[in-house]
Amino acid sequence: MALKDVKPTRSELIAIKKRIKLSQNGYKILKMKRDGLIMEFFKILEQARDTRGALLEKHMRAQEMMAIANTVEGAVAVKAAAFSVTKTPDITLKSKNIMGVVVPDIEADSVRKGIAERGYGVLGTTPVIDETTKAFEELVEAIIESAELETTMKRLLDEIEGTKRRVNALEFKVIPELTEARDFIKMRLDEMEREELFRLKRVKARSS
Amino acid sequence: MVQSSSSPGSYIYTSTRLRVRKSKLLTPAEYHRMLNMGLSEITRFIGETEYQKEVEELGTSFSGVDLIELALSWNLAKEYQRVIDMAPGTLKQFTKTYLERWDIYNVLTILRGKIQGLSEGKIKEVLIPAGSLNKMVLDRLLAEESCERVIDGLKNWHLEPVLQSHAAAAISSGSFSQMENDLYKKFYADLLKVEEQGVTGADQFIKFVKLEIDTLNTKTIFRMQADAVSKASRDLFIPGASFTLDELEQISGLSDQVEIIDALSARIRNEPLLIALEELREKKTTLNEINIKLTKAHLEQMERLSRIHPFSIHSVLVYLEKKKYEVANLRALARGKESQLPGDVIEQYLVI
């Protein structure tokens, strides 16, 4: 707000004072929100770090089991078992609210199946296929968990960034400008009052 | 299915020859040596054993793991054929009946290969033409364009009705699991019918079939127990041996491994299997270790039966089974080395 645009009136002063109060309140609330989001972010970061570690571990295990299954059963049998899967996991995407930030809440059903439900023939396969399938089911579960946490983290980061920008704007631009405008109006009003007083004195002196 | 018998001399001759062949199978020490070798060294090593002829024949056209896979398949098929030719009288018929399991394996491999769009050559690499469907029939099936035509080409196969009953659902879903389970169940049901025909030596053959069914069912129970989310399902068991389907369903419903071992031990009279079960009770093992232990117990019991009945079908079957595992071990070694798996990991999956 440029000072030249400011109207040095009492009503403007009152309005600016109200805006300053509002901005200061907003600043305080946004600062608290930013701190709260950062705390929440670090909490989730810890979980995400563990989940990511577990995901990498499960990925390595699944890859190892795949290599073992190819070794023991051969590529054709492994592919046959993989193609036998008829039921895909049901993934329900809901949302939850963390301090005003909408984050995903992913629920997955039937990721883990019993050997009778997996679709491959039990009598023509060995337990290596069971172990490989189990390793991949665990990997899918870890991916889902990781996806939820990492998306939450990404959304929280975006929100922290936005809140930080707003806090900075209020702290370094809006509030100082309003304060400057308030001071300017005050100064102008005081000056106008002094001029008026002087004018009155001059009129009084001339008439007497 | 099963016909007359031959002179006792030919039984003794066959059993002795097979015992000699069995002694030529690779020893644990040789497997351990191979575990420290690279793929080319393994190929050379295999080329110096019973597989020499096949490795030399195929060496000009194939290399690496493809050469080993094909050489092993060819050798196994030829060996099975040689045993059939060698076996006299009823032993020949029992051997042929036993080897019909490879028909199921071959047919399912072709169907799955076709569904997956694999090349004829790649499917052929893993076929074992050892059953009633010979090389020519399998080549004809391989040349067919679709799964429907493969099934149509099996009109004279005795398990064709099972194929037909599942064909539509299996081809549309791409899953042959139900078909596979039912084919094996029908196969074992047919094997058990040999008893009704009253042929000499059938009792020993049935003993083997029941032993195999018991081992398979025991493995399935442990697989279901290892899989915490599994519900008891009688569809996965083969009837006709020590346990009824109801009993198997009941045992598979138990969640505690010790309870399962108790329930199995109460009925099983097979000593190596009982010892294996007792060992499982004592320490925590992985599903693979359980499987290998049960397979070893199965082979041990077959070995015992072949010693108790030296001139029966057992001496043929124990050799065929051991040969099958030798080929499976060599395949696993070659593939494992190609996938750069460490030797100790590969070793865990070998039946030695």
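Visitor: What is the relative accessible area of B:Arg281?

Guide: In this predicted model, local features need pLDDT of at least 70 and side-chain atom pairs count only at pLDDT 80 or more, whereas totals for chains, interfaces and linings use all residues. Residues are numbered from 1 along each chain as its sequence is written, chains are lettered from A and ligands numbered from 1 in the order in which they are written, and side-chain values use heavy atoms, with hydrogens and water left out. A residue is buried under 20% relative accessible area, exposed over 50% and partly exposed in between (1.4 Å probe, protein chains only). B:Arg281 counts as partly exposed because its relative accessible area is 28%.

Visitor: With which residue does the side chain of B:Arg281 meet in a salt bridge?

Guide: A salt bridge requires a side-chain nitrogen of Lys or Arg within 4 Å of a carboxyl oxygen of Asp or Glu. B:Arg281 has such a partner at 2.6 Å, N to O, namely B:Asp262. The pair links distant parts of the chain, 19 residues apart, with B:Arg281 in helix H16 (271-282) of chain B and its partner in helix H15 (257-265) of chain B. The partner is partly exposed at 39%, and the name asked for is B:Asp262.

Visitor: Which residue forms a salt bridge with A:Arg112?

Guide: Helices (H or I, at least four residues) and strands (E, at least two) are DSSP runs, numbered from the N terminus. A:Arg112 has its closest N and O atoms 3.6 Å from those of its partner, A:Glu138. A:Arg112 lies in the loop between strand S2 (101-109) and helix H3 (127-207) of chain A, and the partner in helix H3, so the pair ties together parts that are 26 residues apart in sequence. With A:Arg112 at 35% relative accessibility and its partner at 21%, each counts as partly exposed; the partner is A:Glu138.

Visitor: Which residue is linked with A:Arg112 and A:Glu138 in a network of salt bridges?

Guide: By the same rule, the count over all chains comes to 39 salt bridges. Among these residues, A:Arg112 and A:Glu138 form a network with A:Glu141.

Visitor: How many residues does the contact take from chain B?

Guide: Contact means heavy atoms within 4.5 Å. Chain A contributes 35 residues. The number from chain B is 37.

Visitor: About what area is buried between chain A and chain B?

Guide: Buried area is the accessible area (1.4 Å probe) that two parts lose on being put together, summed over both. Between these chains, carbon and sulfur atoms give 62% of a total of about 2900 Å². A:Thr71, A:Val76 and A:Leu123 supply 25% of the area that chain A buries against chain B, more than any other three residues. The total asked for is about 2900 Å².

Visitor: With which residue does B:Arg223 form a salt bridge?

Guide: The count between chain A and chain B is 1 salt bridge. Its closest N and O atoms are 2.5 Å apart, and the partner of B:Arg223 is A:Asp130.

Visitor: With which residues is A:Ala142 in contact, leaving aside neighbours within four places in sequence?

Guide: A:Ala142 lies in helix H3 of chain A. This residue is buried, with a relative accessible area of 3%. Its contacts beyond those neighbours are A:Thr51, A:Leu55 and A:Lys58.
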